[in-house]
Amino acid sequence: MFYTFMRSSLIILCLMLLCATAKSQSWQPGYFYDVKGTKSTGFIRIDPRGKGPIKGEGFIEYKEDEKAESIKLSASDLRSFVAGRDSFIVAVAPATGWAKYDLDFVRVAVDAPLRLFEARGSAGDGGGSGVGFSPGIGIGMGGGGGTGGFGGGVGGGISIPIGHGGGGRGKGGKAMYYYGANTASMKPITSENFIDVMTEIMGDEPDVVEKIQAKKYGLRDMEKLLTYFYQVQAER
């Protein structure tokens, strides 16, 4: 009897710890730039439940510190935000559709003159946006200077003064990848243009480019390619 009681107690305790861990991981340290370029630092949750402040727009939750009340911020309130190691920018959903919102967020997967953006189809069930987050191997890439976010509003030029990494690939549906100098010009990456586009995006890493051109990676291997790319950058 005592053994059964202790075993049940341990199972309950483990479940409680797992729930607490999952809850704590839903909030990530980060910051955002609003439409005026003002930076606010605190904690961000990018997959909140419930309805957003504005119909047809993705949203995040923010709180100044762990004990503060949280608020919901709609995509049109923001220029960009950082959650954990990943950077996100506001974008209008293209005609091909990757979110249930007309205005949502995309992750800046690679910051280069020709940038790689990652979007995820909405998870549904009232989720806050078409992006997802789960802790990963991400690498901090950048300093703290900057000009107040990713640039002048939706689709404008983006200047990234913050880090980005590989941790943003998580829940939120199937990943879709786009390329462009900014979100206004982003186009989908396809099997046909994969080699040419990714060669230009990752051109600063010859070893990576060599494997791309040798067809070691394809569109279906994008996540593996990004992991390898981040590792090569870290080693260098």
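Q: Which residues touch the most other members of the largest nonpolar core?
A: In this predicted model, they are Leu116, Met198 and Met202, out of 24 residues in that core. A nonpolar core is a set of buried Ala, Val, Leu, Ile, Met, Phe, Trp, Tyr and Cys residues joined through side-chain atoms within 4.5 Å. Buried means under 20% relative accessible area, exposed means over 50%, and partly exposed is in between, with a 1.4 Å probe and protein chains only.

Q: What should I know about the numbering and the model?
A: Residues are numbered from 1 along each chain as its sequence is written, and side-chain values use heavy atoms, with hydrogens and water left out. Since the model is predicted, local features need pLDDT of at least 70 and side-chain atom pairs count only at pLDDT 80 or more, while totals for chains, interfaces and linings use all residues.

Q: Which elements supply this core, and where does the largest share come from?
A: β7 (103-110), β9 (175-180), α2, α3 and α4 each supply at least two residues of the core. The largest share, seven residues, comes from α4. These labels are DSSP runs numbered from the N terminus: helices are H or I with at least four residues, strands are E with at least two.

Q: Which residues does Met198 touch?
A: Leaving out residues up to four places away in sequence, Met198 touches Leu116, Ile189, Ile212, Met222 and Leu225. Contact means heavy atoms within 4.5 Å.

Q: Why can we say that the buried residues of α3 line one face of the helix?
A: The buried residues of α3 (residues 206-213) are Val208, Val209 and Ile212. Seen down the axis of α3, they fall within an arc of 100 degrees, so they line one face. That arc is taken from the directions from the helix axis to the C-beta atoms. The background is handy here: an α-helix has 3.6 residues a turn, so residues three or four places apart point the same way.

Q: What is on the face turned away, and what covers the buried side of α3?
A: The face turned away carries the exposed residues Pro206 and Glu210. The cover over the buried residues includes α2 (194-201) and α4 (222-235).

Q: How many aromatic pairs are there, and what makes Tyr31 and Tyr33 edge-to-face?
A: The count is six aromatic pairs. Rings of Phe, Tyr and Trp (its six-membered ring) pair if their centres lie within 6.5 Å; planes under 30 degrees apart are stacked, over 60 edge-to-face, and the rest tilted. Tyr31 and Tyr33 have ring centres 6.1 Å apart and planes at 90 degrees, so the pair is edge-to-face. Both Tyr31 and Tyr33 are buried.

Q: Why is the pair of Tyr217 and Tyr228 called stacked?
A: Their ring centres are 6.0 Å apart and their planes are at 20 degrees, so this pair is stacked. It links distant parts of the chain, with Tyr217 in the loop between α3 and α4 and Tyr228 in helix α4, eleven residues apart. Both Tyr217 and Tyr228 are buried.

Q: How do you know that Lys39 lies over the face of Tyr31?
A: A charge sits over a ring if NZ of Lys or CZ of Arg is within 6 Å of the ring centre and within 35 degrees of the ring normal. Lys39 lies over the face of Tyr31 at 4.0 Å from the ring centre. Likewise, the charged end of Lys63 sits over the ring of Trp27, 4.4 Å from its centre.
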